[in-house]
Amino acid sequence: MKLIEPILAQAAAITQLRRDIHAHPELCFEEVRTADLVAAKLTEWSIPVHRGLGTTGVVGIVQGRDGGQSGRAIGLRADMDALPMTEFNTFPHASKHAGKMHACGHDGHTAMLLAAAQHFATHRDFDGTVYLIFQPAEEGGGGAREMIKDGLFERFPMEAVFGMHNWPGMDVGTFAVSPGPVMASSNEFKITIHGKGGHAALPHMGCDPVPIACQVVQGFQTILTRNKKPVDGGVISVTMIHAGEATNVIPDSCEIQGTVRCFTFEVLDLIEQRMKEISEGVSAAFGARCEFEFKRNYPPTINTPYEVDFARRVMAGIVGDERATEQEPVMGAEDFSYMLLEKPGAYCFIGNGTGAHRASYEGGGHDAGPCTLHNPRYDFNDELIPLGATYWVRLAEQWLAHEAPANRPMPAKG
């Protein structure tokens, strides 16, 4: 690997920052301490800071040797928030706050961008501007959307924006990036079927919503197998069914909740429409009434081809062609998708390994359990910090050195 030596020299210090952030996790829109730490470090390195976008967001502004006069600019984004879950790890930097944990590696994402920022501050080997975007509230809060609403791209005009996420199970020293949809949209539904309650021994006197709900749930699967094209990805998961309070009482209503994931707005439109038709139609057929609610959360994350090709060349220059791999789309969601609806860009994965790095910690780092995302035994692999930072630096330097690409069509916003 061709890592940047000054970044390697500072890796231990940035690792301590990462572990400090891990030990003090903050939930979405509550990242006050983390934002203070980020802003303090950027200021220490003489990088101008803008605060407050998306409530707790931080934007660092690094101008190149030309003072930004070229007008060229690129955005690099890291997320800062933690998850509302209890950590099981017992190593020294484990969470100090019960019910809060960095179980997705946002502490590491922040650290990698800080390491790049430190290098930019002393090696401004580019003309133009690099915007360092430290974003709050990725975990369900839509922090990217809120930063955009607060004028992120108007105040800091950039040609393209790039994001990166660690990926457990991928070897350390590898990257993955692909054009098109790489993460799914996230949506949720709530369906309430209103029947007529009564005595469970006299079902003919009422209208039981429970078997109606069962018919509705079964009907949803035909959307995926008979309405949607087989080659299009889509998931409908019913995760909650609530009804009744006593074994001898037919309930008045039954509530169905769950999630929908897919990669395109066209498939999402189809799924929502057919779910509504099935829910209302089946309910009516059995003499019940249906309330249908469908909430669209994060849109699909759709990488633009030019930026993907550019990013892959940068990755290959660092780790080699064979370790700059294709990114397999996943049904997880990511609010960087909002940024990619506004600007061209690419969201990539960086390998986090298998979790073996935890064995090197003192005081319980060897604890059993999977090091997977959103797992109470997860921990970011600090070996990634110099690699991720090197990628950010080389990406920005090479982007600002090449001819500005012409305007390209953006994905439909749906």
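This is a predicted model: local features need pLDDT of at least 70, side-chain atom pairs count only at pLDDT 80 or more; totals for chains, interfaces and linings use all residues.
**Note on the sheet and salt bridges**

1. Strands here are DSSP runs of E, at least two residues, and helices are runs of H or I, at least four, numbered from the N terminus. Two strands pair if DSSP finds at least two bridges between them.

2. Residues are numbered from 1 along each chain as its sequence is written, and side-chain values use heavy atoms, with hydrogens and water left out.

3. Strand S6 (residues 175–176) runs parallel to S15, joined by 2 bridges. Alanine 176 has threonine 325 as its bridge partner in S15.

4. The whole structure holds 23 salt bridges. Each is a side-chain nitrogen of Lys or Arg within 4 Å of a carboxyl oxygen of Asp or Glu. One of them joins arginine 77 and glutamate 334 (2.6 Å, N to O). Arginine 77 lies in strand S3 and glutamate 334 in the loop between S15 and helix H10, so the pair ties together parts 257 residues apart in sequence.

5. Arginine 77 is buried at 1% relative accessibility. Glutamate 334 is buried too, with a relative accessible area of 1%. Buried means under 20%, exposed over 50%, partly exposed in between (1.4 Å probe, protein chains only).
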